[in-house]
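Here is a short tour of a protein model, written for someone new to reading structures. Keep the 3D view open and follow along topic by topic.

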Amino acid sequence: MTDEPLLQLKRDLRVDMIARRAAIGDDVRVAAGEALVRTWRRERPVPAREGTGSVPAISAFWPMGEEIDIRPLLLALHEDGHPLCLPRTPKRGEPLSFHAWQPGDELERGPVGTSQPSSAAPAIEPDALLVPLLAVDTSGYRLGYGGGYYDRTLTRLRSRKAITAIGVCYDAQRIERVPTGPNDARLDFLLTERALLAFA
């Protein structure tokens, strides 16, 4: 498949998935944040590193628009002692950078509606990433917003060390197949308001 047909398939799917996400009921939205916390604490997808007892640093994202609200999970991770960071969006074509954040820290307005830490916040290289998405398939491939930031970032981090990538979304955003190309990075887990799923 050439680049343009693949890009068009992704553009069309984004339109469909934005509409599907918008149709999620208010009852699901309200309950989703605490459901994420309960599932995380039951399943523990990012345990302490074996033999060290150290708590892994986790990169999260600040929800925008109609994304699932992961802020209750961020509070829970902070309470559990995980060092947290949030991404700063760079120029197009570059990977994300990650900077320390904890509850109460102010955020700056970033590109395309994002909220991000100050560039003066200490840089952190995370051990695990919570990844936003529009759709995710049964193999762990995600559809993002089209910038390729997380694909580039995961590829770079995985070339240096073991990284756990966890997509976070509503269960209604799961589909059978996302159109993919050679530069698309797979997730290791998916966390929704219903369950934690591991991809083989």
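Strand β1 (residues 58-59) and strand β6 (residues 128-131) run parallel and are joined by two bridges. Please keep in mind that this is a predicted model. Strands of a sheet pair through backbone hydrogen bonds, either parallel or antiparallel.

**The sheet around β6**

- Ile 58 stands opposite Ala 128 in β6, while Ser 59 has Leu 129 as its bridge partner in that strand.
- β6 also pairs with β9, in the parallel sense and over four bridges; here Leu 130 stands opposite Ile 166 of β9.
- Now zoom out: these strands belong to an open sheet of seven strands, in the order β3-β2-β1-β6-β9-β10-β11 and with mixed pairing.
- Which strands are at the edges? They are β3 (97-100) and β11 (196-198), and each of them pairs on one side only.

**Helices on the sheet**

- Helix α3 (residues 71-79) packs on the sheet and touches β1, β2 (84-88), β6 and β10 (189-191). The direction of α3 makes about 135° with that of β2.
- Helix α4 (residues 149-158) also packs on the sheet, where α4 touches β2, β3, β6 and β9 (164-168). Its direction makes about 170° with that of β6.

**Both faces of β6**

- In a regular strand the side chains alternate between the two faces of the sheet.
- Are the faces of β6 covered or open? Both are covered: Ala 128 and Leu 130 are buried on one side, and Leu 129 and Val 131 are buried on the other.

**The nonpolar cores**

- The largest nonpolar core has 43 residues. Which of them touch the most other members? They are Trp 40, Ile 70, Leu 129, Leu 130, Val 168 and Leu 191.
- At least two residues of this core come from each of α2 (26-43), α3, β2, β6, α4, β9 and β10.
- Apart from this core lies another one, of seven residues, with Leu 13, Leu 134, Ala 135 and Leu 143 among them.

**A closer look at α3**

- Pro 72, Leu 73, Leu 74, Ala 76 and Leu 77 are buried in α3. The buried residues of this helix pack against α2, β1, β2, β6 and β10.
- Leu 74 lies in α3 and has a relative accessible area of 1%, which is under 20%, so Leu 74 counts as buried.
- Not counting residues up to four places away in sequence, Leu 74 touches Ala 60, Phe 61, Trp 62, Leu 84 and Trp 101.
- Leu 74 and Gln 102 are 28 residues apart along the chain, and their C-alpha atoms are separated by 8.4 Å.
- After α3 comes Gly 81, with a positive phi near 90°.

**Backbone angles to look for**

- Most residues other than glycine have a negative phi, and most peptide bonds are trans.
- Arg 44 is not a glycine, yet its phi is positive, about 50°. Arg 44 lies in the loop between α2 and β1 and is partly exposed, at 41% relative accessibility.
- Val 112 is not a glycine either, and its phi is positive at about 45°. This residue lies in the loop between β4 (108-109) and β5 (115-116).
- Is Val 112 buried or exposed? Val 112 has a relative accessible area of 74%, which is over 50%, so it counts as exposed.

**A buried aspartate**

- Asp 171 lies in the loop between β9 and β10 and counts as buried, at 14% relative accessibility.
- What joins the side chains of Asp 171 and Thr 192? A polar contact of 3.3 Å does.
- Leaving aside neighbours within four places in sequence, Asp 171 is in contact with Thr 192, Glu 193 and Arg 194.

**Cysteines**

- How many disulfides does the structure hold? The number is zero.
- Cys 85 is buried, with a relative accessible area of 0%, and Cys 169 is buried too, with 1%.

Terms used
Residues are numbered from 1 along each chain as its sequence is written. This is a predicted model: local features need pLDDT of at least 70, side-chain atom pairs count only at pLDDT 80 or more; totals for chains, interfaces and linings use all residues. Side-chain values use heavy atoms; hydrogens and water are left out. Two strands pair if DSSP finds at least two bridges between them. Contact means heavy atoms within 4.5 Å. Axes are lines fitted to C-alpha atoms, for helices over the stretch in contact, and angles run from 0 to 180 degrees between N-to-C directions. A nonpolar core is a set of buried Ala, Val, Leu, Ile, Met, Phe, Trp, Tyr and Cys residues joined through side-chain atoms within 4.5 Å. Buried means under 20% relative accessible area, exposed over 50%, partly exposed in between (1.4 Å probe, protein chains only). A disulfide is a pair of cysteine sulfur atoms within 2.5 Å. A polar contact is a pair of N or O atoms within 3.5 Å; within protein, one must be able to donate a hydrogen and the other to accept it, and residues adjacent in sequence count only if both atoms are side-chain atoms.
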